[in-house]
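I opened the model to go through its sheet and its helix packing. These are my notes, in the order in which I looked things up.

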Amino acid sequence: MSGERADLDSPEGQSALVKRWSHDITDDRLRSSFASFAARLLLDLLRKGHGALIAVVEAGVNPHNFVEDAVILDEPVDLAALVEEHAESGSSEALSELLDYSGLLAGMLGSDGIVLLDSVGRVLAFNWFVKTDLASLSARDQQGGARHRAFGALSALTREGTLRGVFIRSSDGGESAFEGSPS
């Protein structure tokens, strides 16, 4: 009766996002360290926000091939490398850089649009707006506001293999993830 989408109350959503974001990190120790860091970071950042859409693409995919309306970073922010640098050096400079880029991600998540990550722990783009063709969406994906319709469009891109996965956190706190095959 509240109008809330019941399927968005999945606590596994952030876990699925972290799994996709770290999937192709080849070093097991780094994958584990980064996944732990990313899980805590996202929990904190998403709790403070007004809702978010995050998509993950396979490492090496050029976002210019399918993203039209976004700020694509000239050089991706490699958070996994920053986690590794901090773990190895333990220096205050490495910690400061990691915290600075974590703050940058917070700003990206706080802006409108979708944040695009890749499967080796990098941030590729933000402020991405996906065109939503309502005719291509299921009746379920057409429900809700613009963020939910965009989630439906991103889920379609995941089903076709363009994306590895997509995550939504609604402004009411509900969240969900849609995963594709890991390749």
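Axes are lines fitted to C-alpha atoms, for helices over the stretch in contact, and angles run from 0 to 180 degrees between N-to-C directions. Helices (H or I, at least four residues) and strands (E, at least two) are DSSP runs, numbered from the N terminus.

**Entry 1, source and confidence.** I noted that this is a predicted model, in which local features need pLDDT of at least 70 and side-chain atom pairs count only at pLDDT 80 or more, while totals for chains, interfaces and linings use all residues. Residues are numbered from 1 along each chain as its sequence is written, and side-chain values use heavy atoms, with hydrogens and water left out. pLDDT is the predictor's confidence in each residue, from 0 to 100. I found a mean pLDDT of 87 for the protein, with 86% of its residues at 70 or more. Over residues 1-10 pLDDT stays under 50, and the model has 17 contacts (heavy atoms within 4.5 Å) beyond four places in sequence for this stretch. Where pLDDT is low, the predicted coordinates should not be read in detail.

I looked up how the axes of α2 (residues 28-48) and α3 (residues 79-89) meet: they come within 9 Å and cross at roughly 110 degrees. The two helices are therefore roughly perpendicular to each other. On the α2 side I listed R29, L30, S33, F34, F37 and L41, and on the α3 side L79, A80, V83, E84 and E88. By class, this contact has seven nonpolar, one polar and three charged residues. For the classes, Ala, Val, Leu, Ile, Met, Phe, Trp, Tyr, Cys and Pro count as nonpolar, Asp, Glu, Lys and Arg as charged, and the others, Gly among them, as polar.

I traced six strands in an open sheet, in the order β2-β4-β3-β1-β5-β6, with mixed pairing. β2 (69-78) and β6 (175-179) are at the edges with a single partner strand each, so one side of each has no neighbour in the sheet. Two strands pair if DSSP finds at least two bridges between them. β3 and β4 (residues 122-129) pair in the antiparallel sense over three bridges, and L117 has V123 in β4 as its bridge partner. Helix α1 (residues 12-22) packs on the sheet, and its direction makes about 40 degrees with that of β6. Helix α5 also packs on the sheet, at about 165 degrees to the direction of β5.

Is β5 buried or exposed? I found five of its five residues buried, meaning under 20% relative accessible area, with exposed over 50% and partly exposed in between (1.4 Å probe, protein chains only). G165, F167 and R169 lie on one side, V166 and I168 on the other. β5 pairs with β1 in the antiparallel sense over five bridges, and A52 stands opposite R169. Five bridges also join β5 to β6, again antiparallel, with E179 in β6 as the partner of G165. I counted five residues between β5 and β6 in their hairpin, where G173 in the turn has a positive phi of about 100 degrees.

N127 is in strand β4 and, at 25% relative accessibility, counts as partly exposed.

Technical notes. Angles under 35 degrees count as roughly parallel, over 145 as roughly antiparallel, 65 to 115 as roughly perpendicular and the rest as oblique.
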